[in-house]
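Good morning, colleagues. Please have the sequence and the structure open while I speak.

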Amino acid sequence: MSEKNKIKDYSLYLVFSQDCALGKSALEITKEAILGGIDILQMREKNKSKDQLLNLGRELRALCKKNNVTFIVNDDPYLVKEIDADGLHLGQEDILKYPLENTRNIIGKNKIIGISTHSIEQFKIANTREDFDYLSYGPIFPTLTKDYFIGTKDIKEVLEITKKPVVFIGGINLSNLDEILDKGAKIVALIRGIMQAKDIVSTTKIFKEKINQKRTPK
């Protein structure tokens, strides 16, 4: 990849975790979510072996590449390099294990690096680091993934000060999506909101349409 595949505004970002899949396979969910209009897929698997991650990662990478979907791997820069993913997402603990300069050397200068932030203070620190390509902020609403949430009160400040694309995540669903879009959010990440939908294709389309409606102010 000669030019970095950047995270773009008005993107819908699916974080895939098999633990949330309700019996469907990774490929089945991903295919349905792609039909619905996701722009970015992150593989977030905490309980798989290295071989399992490699096999799943290669399958998801091929599917995403075929459909022009940006493919992000969670936590592991070596896995990004091995399966030629588009980028890497790091948690706050991960940057202690994989310092940013080392991580960039591992994955290459053309890959995307994103970072999770869970408070306005963490966001401000990450915002000063030039090598991050996007910043994730959340969990905004209560979610089963975390035992806390940070609410919507700082969304406008985050968007005013940011130098990077901002991905909002955490408990987002069709009943609260408008609340964050009205505050200026342009990139939204979901896990259960898509993965556990009865009709993944249709639900994903609704999320994507609502995000796209913000492109042209009414």
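The model before you is predicted.

Let me begin with Asn176. In that sense of contact, and leaving aside residues up to four places away in sequence, Asn176 touches Phe141 and Gly171. Asn176 sits in the loop that joins strand 7 (166-168) to helix 8 (177-182). Is this residue buried or exposed? Its relative accessible area is 10%, so Asn176 counts as buried, the cut-off being under 20%. A polar atom of the Asn176 side chain also lies 2.8 Å from the backbone nitrogen of Asn173.

I turn now to the strands. Strand 1 (residues 12-16) pairs with strand 2 in the parallel sense, over four bridges, and Phe16 has Met43 of strand 2 as its bridge partner. Together, strand 1, helix 1 and strand 2 form a right-handed β-α-β unit. Strand 2 also pairs with strand 3 in the parallel sense, again over four bridges, with Gln42 standing opposite Ile72. From strand 2 the chain passes through helix 2 to strand 3, and this β-α-β crossover is right-handed.

In a regular strand, side chains alternate between the two faces of the sheet. In strand 2, Ile40 and Gln42 point one way, while Leu41 and Met43 point the other, and all are buried.

Finally, helix 2. Its buried residues include Leu53, Leu56, Leu60 and Cys64. The buried residues of helix 2 pack against helix 1 (26-36), strand 2 (40-43), strand 3 (70-74) and helix 3 (77-83). Just after helix 2, Asn68 adopts a positive phi of about 60 degrees.

Conventions:
Residues numbered from 1 in each chain as written. Predicted model: local features only at pLDDT ≥ 70, side-chain atom pairs only at ≥ 80, totals over all residues. Heavy atoms only, no water. Helix = DSSP H or I, 4+ residues; strand = E, 2+ residues; numbered from the N terminus. Buried < 20%, exposed > 50% of the residue type's maximum accessible area, 1.4 Å probe, protein only. Polar contact = N/O pair within 3.5 Å; in protein donor to acceptor, adjacent residues only side chain to side chain. Contact = heavy atoms within 4.5 Å. Pairing = 2+ DSSP bridges. Right-handed = clockwise from strand over helix to strand, strands pointing away.
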